[in-house]
Amino acid sequence: MKRTPHLLAIQSHVVFGHAGNSAAVFPIQRVGVNVWPLNTVQFSNHTQYGQWAGEVLESAQIPALVEGIATIGELGRCDAVLSGYLGSAAQGRAILQGLARIKAANPKVLYLCDPVMGHPEKGCSVAPEVSHFLLEEAAAVADFLCPNQLELNSFAGYPPRSLQDCVYMARSLLARGPQAVLVKHLDYPGKAADCFEMLLVTAEANWHLQRPLLAFPRQPVGVGDLTSGLFLARLLLGDEPLAAFEFTAAAVHEVLLETQACASWELELVRAQDRIAHPRQRFAAVRL
Ligand SMILES: Nc1ncnc2c1ncn2[C@@H]1O[C@H](COP(=O)(O)OP(=O)(O)O)[C@@H](O)[C@H]1O
Ligand SMILES: Cc1ncc(COP(=O)(O)O)c(C=O)c1O
Ligand SMILES: [Mg+2]
């Protein structure tokens with residue numbers, strides 16, 4: 001029997017609704033991967049409500065929790081680490097410390113960094129020290145990077161003028177170390193108005209994918225976290241990056257269709273669960 005992979009997911013948790021681990025854990029489990037959720041913050045709800053209660057985890061707790069798993073002799077079972085929203089650069093460094101400890105137990109462990117920098121227009125952005133940490137420290141050790149367009153622009157230091165520019169910007173991130181860069185959401189002058197576009201670049205090729213752009217009165221939150229979690233889960237299940245990319249686009253689209261049908265702001269993960277595992281439609285990526 002094939003072994004079930006294990007994934008350590010280090011990101012935020014919300015009590016109500018879905019963002020961070022609260023958007024990623026159940027879908028990752030639903031496609032067949034064990035998750036070890038390590039919550040960097042516990043908030044009542046996601047920050048786009050404009051107010052929330054809760055606390056940020058003290059940075060030192062991150063390596064301490066990892067060490068606790070080492071102590072019971074289970075750390076070597078960790079196949080991958082995912083990191084998302086960071087409360088501070090110190091929290092980021094604590095994650096890299098934890099990752100180094102896991103690498104000692106399992107040198108093959110993969111690290112996917114979702115360099116969450118927020119959406120200025122959504123009223124949520126991270127401190128400059130966090131952006132600097134992601135750019136200078138996390139990108140160098142990540143096997144996979146999953147920026148959205150704004151995060152890609154921040155890495156590059158300029159906005160794109162074309163799709164070709166986006167490809168160039170993503171490919172220049174490959175030079176920092178990762179084996180693949182998945183741009184979760186493209187935005188560039190001339191982009192088709194009725195499509196939601198994504199990009200995957202690997203050493204071998206550039207892959208562009210389009211899926212329908214759905215209308216929402218308020219943009220759903222947690223879509224990026226759902227995307228990075230599913231992509232890493234499928235890689236652990238043995239997919240090549242291209243297959244994991246196409247699967248992820250299809251599964252996320254299913255969640256958004258259900259969310260739209262329910263007129264819900266929060267992602268309808270439970271209602272969409274069977275279609276997360278078995279998306280009905282495939283969006284084929286096109287080689288650029
Ligand atoms: N098919 C779609 N139609 C409309 N909006 C979408 C679609 N897919 C994703 N979105 C929205 O696009 C935005 C971009 O998400 P993205 O940049 O990938 O990640 P993040 O969730 O990190 O902001 C999100 O607000 C998401 O809700
Ligand atoms: C607590 C928390 N975590 C994570 C996120 C990131 O969500 P997304 O996947 O939409 O970038 C948000 C967005 O508001 C948030 O409030
Ligand atoms: Mg995001």
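Tutor: Let us begin with a helix pair: helix 2 passes helix 3 in a right-handed crossing. The model is predicted, so local features need pLDDT of at least 70 and side-chain atom pairs count only at pLDDT 80 or more, while totals for chains, interfaces and linings use all residues. Residues are numbered from 1 along each chain as its sequence is written, and chains are lettered from A and ligands numbered from 1 in the order in which they are written.

Student: What makes the crossing of helix 2 and helix 3 right-handed?

Tutor: A crossing is right-handed if the near helix is turned clockwise from the far one by less than a right angle, and left-handed if anticlockwise. Helix 2 and helix 3 meet the clockwise case. Helices themselves are DSSP runs of H or I with at least four residues, strands are runs of E with at least two, and both are numbered from the N terminus.

Student: Why are helix 2 and helix 3 called roughly parallel?

Tutor: Helix 2 (residues 61-71) and helix 3 (residues 89-105) pack at about 20°, with axes 8 Å apart. Axes are lines fitted to C-alpha atoms, for helices over the stretch in contact, and angles run from 0 to 180 degrees between N-to-C directions. Angles under 35 degrees count as roughly parallel, over 145 as roughly antiparallel, 65 to 115 as roughly perpendicular and the rest as oblique. The pair is therefore roughly parallel.

Student: Which residues of helix 2 make the contact with helix 3?

Tutor: They are Ile62, Pro63, Val66, Glu67 and Ala70; contact requires C-beta atoms, placed from the backbone, within 7 Å.

Student: What is the orientation of helix 1 relative to helix 7?

Tutor: The axes of helix 1 (residues 21-30) and helix 7 (residues 223-236) come within 8 Å and cross at roughly 30°. That makes helix 1 roughly parallel to helix 7. Their crossing is right-handed.

Student: How do you know which residues surround ligand 2?

Tutor: A residue counts as near if its C-beta atom, placed from the backbone, lies within 6 Å of the molecule. For ligand 2, 16 residues surround it, the closest being Ser12, Ala19, His46, Thr47 and Gly224. Helix 7 gives the largest share of this shell, 3 residues. For ligand 1, 15 residues form the surroundings, and the closest are Asn148, Lys184, His185, Gln219 and Gly224. Helix 7 again gives the largest share, 3 residues.

Student: What makes strand 3 and strand 12 edge strands?

Tutor: The open sheet of 10 strands has the order 3-2-1-4-5-8-9-10-11-12, with mixed pairing. Two strands pair if DSSP finds at least two bridges between them. Strand 3 (54-56) and strand 12 (286-287) each pair on one side only. By contrast of topic, strand 9 (residues 180-183) and strand 10 (residues 195-202) run antiparallel and are joined by 4 bridges.

Definitions and conventions
Contact = placed C-beta atoms within 7 Å.
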